[in-house]
Structures are given as structure tokens and as C-alpha cells.
Protein chains: 2
Amino acid sequence: MLLDDSYFMKQALVEAQKAYEKDEVPVGAVVVVQQKIIARAHNLTEQLHDVTAHAEMQAITSAANYLNGKYLKGCTLYVTLEPCVMCAGALYWSQLERVVFAAADPKRGFVSAEVGLHPKTIYTQGVMETEALDLMQQFFIQKRG
Amino acid sequence: MLLDDSYFMKQALVEAQKAYEKDEVPVGAVVVVQQKIIARAHNLTEQLHDVTAHAEMQAITSAANYLNGKYLKGCTLYVTLEPCVMCAGALYWSQLERVVFAAADPKRGFVSAEVGLHPKTIYTQGVMETEALDLMQQFFIQKRG
């Protein structure tokens, strides 16, 4: 059975939930190559005191480690929130094949910032968007409470 | 004696030289707060097989670790090459006070990409530019040879 974008985004949401439980902004990511998840990560900026510890950055490092090479050719990154400028810059260098994100981030996302991914990279948005937004809203409501 | 931008950029060049000796694109960085160097780093993308291992990214992580907090308020980053989009995105999140770079990177630098740093952050370019460019050219000539 061919696993689809929703399947892999659900796995990214599992990662986002882990971030949520650690009181981190709930963003999760997985990297997939040939139907196989080779990296899983979630936002750890608070726990690590490190602004670079976004889910995507850790997923890129982890996937490159798995592949034993710095380019993620043929890989797809699934992430629950639109990548920011930093993460889009990292994705550019990685030359991965595809980026799939759930919720848009009009304020800090790469699309409205007009930051380009690598010419070899395509992206898809909106997969499991409602689920990702629900988790994000739940987080910020709880924070305010 | 007050140490100036040239002094700290020389320290970043020492880091760049370390990268050069490891056959890495020679970029080095230091983070300074109140005249004290709190982080040193150089590009390690080849050695670590990791596109995110730019000198600036490692310097940000290292400085945050030293400060035990993710914001680099009051800090200045000295780097031998204009930061790329990824690094500028990370610098944005860090809210540091100032970025000083030596050589411009019209192709992949954040200035021509029109990626903004944090409103609190100012930048200065061209400090020890000749020295940084010389090292870079030497590296690429040797690579081609």
C-alpha cells in the first residue's frame, strides 16, 4: 500500500504533540525517502535555549546523518507549520525534493517573505491543516490561561 | 584598551583559517558581549555532512549555551562572510544587537535576498574585507588546482 501525504503528516503531528507536551510551540517534522521515515524531530527551542532548534533544522541534520551525506536529494520533509526564513534557507542548501506543510504562517513563513527554496524543490501546503492549527491554537490558549 | 571591530574580525578570521585547514569553505565567526568573546565557530558543513553547520549557526547555539538563554541581546556576531538566508533567519530569532561581516556575498547573502534582520539588530559590512576575500580566493584556487 502506498502511504500518502496525510499519513506522513500525521507522523509529523505526533512529533508536534511531543513538543506540546514539553511546553514548546507545537511544531513537528519528519523526513521521508522512498516511503520510509528516516528522521523525526520536534521544536526544542525552549528546552535547548536555542533559536536554531526548530523541528525542520533538527530533521535536516538527522536525515543527513542517516544518509551520511549533506544533500537530501529524493527526500520529502513533512512539517506541521510553514517553515520560517531560517528553515527555508536550510532547506535550500539541502536540495531536497519536496516540502509539505500543514498550516500556513503568514507572519514568519517563507512564502510571504518571498524566500525561494532550491529550484529542484517543490512544495505543497494545507495537508492536515485543521489538525495542525487546532494544536497550535490549543497551545496558545493554554499559554494565555 | 577598547578592542575594536578589526580586533574581533581578526579572531573570526582565525576561525576561518581553521575551516580552511579542514578543507571547508573558510568562514569563521565569533560572538562578543561587553568586549568578551563568548563563542567561536567555523564552517563544518563537509565534516559534519550537515548543511546547517555554518559558522554563524554554531556560534549562535554556542553563545546561547554560554548565556543560558536563547536570546543574544547585547551581543555582536563577527563573521568573515555575509550571512546567507538561513543564518540571517537564525540571527533574526536571536535578537542580537549587531552583526559585523567582512566580505559581501552578492549571490547567497541576506542583503541582496532582501531578508531582514530583527528590527533591534544593526549591521556593518566590509571590516577586514580584503583579508576575508583573500582567504576565500585562495581556497577556491586550491580547490580548482
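Me: Contact means heavy atoms within 4.5 Å; with that in mind, what covers the buried residues of helix 5 of chain B in this predicted model?
Reply: The cover includes helix 1 (5-21), strand 3 (75-81) and strand 4 (98-103), which belong to chain B.

Me: Which residues of helix 5 of chain B are called buried, and what makes them so?
Reply: They are Ala132(B), Leu135(B), Met136(B) and Phe139(B); a residue is called buried because its relative accessible area is under 20%.

Me: What span should helix 5 of chain B have, and how far apart are its end C-alpha atoms?
Reply: The 16 residues of helix 5 (residues 129-144) of chain B, at 1.5 Å a residue, should span 22 Å, and the end C-alpha atoms are 23 Å apart, so the two values agree.

Me: What do the buried residues of helix 1 of chain B pack against?
Reply: Those residues, among them Phe8(B), Met9(B), Leu13(B) and Tyr20(B), pack against strand 1 (28-33), strand 2 (36-42), strand 3, strand 4 and helix 5 of chain B. Just after helix 1 of chain B comes Asp23(B), which takes a positive phi of about 65 degrees.

Me: Why is Cys75(A) called buried?
Reply: Its relative accessible area is 0%, and the name applies because the cut-off is under 20%. Cys87(A) is also buried, with a relative accessible area of 0%.

Me: What makes the relation between chain A and chain B that of a two-fold axis?
Reply: Chain B is superposed on chain A by a rotation of 180 degrees with 0.0 Å of shift along its axis, at an RMSD of 0.0 Å. That is why the relation is the one of a two-fold axis. The same surface serves both copies, for 100% of the contact residues of chain B recur in chain A. Of the residues of chain B, Met86(B) comes closest to the rotation axis, its C-alpha being at 2.0 Å.

Me: Is Ser94(B) buried or exposed, and what does Ser94(B) touch?
Reply: Ser94(B), which lies in helix 4 (residues 85-94) of chain B, has a relative accessible area of 0% and is therefore buried. Leaving out residues up to four places away in sequence, Ser94(B) touches Val51(A), Ile60(B), Lys70(B), Tyr71(B), Leu72(B) and Lys73(B).

Me: Which residues have the most contacts inside the largest nonpolar core?
Reply: They are Leu77(A) and Leu77(B), in a core of 92 residues. Beyond its neighbours within four places in sequence, Leu77(B) is in contact with residues including Ala29(B), Val31(B), Leu91(B) and Val99(B).

How values were computed
Residues numbered from 1 in each chain as written. Chains lettered and ligands numbered in written order. Predicted model: local features only at pLDDT ≥ 70, side-chain atom pairs only at ≥ 80, totals over all residues. Heavy atoms only, no water. Buried < 20%, exposed > 50% of the residue type's maximum accessible area, 1.4 Å probe, protein only. Least-squares fit on C-alpha atoms with pLDDT ≥ 70 in both. Contact = heavy atoms within 4.5 Å. Helix = DSSP H or I, 4+ residues; strand = E, 2+ residues; numbered from the N terminus. Expected span 1.5 Å × (residues − 1). Core = buried A, V, L, I, M, F, W, Y, C linked by side-chain atoms within 4.5 Å.
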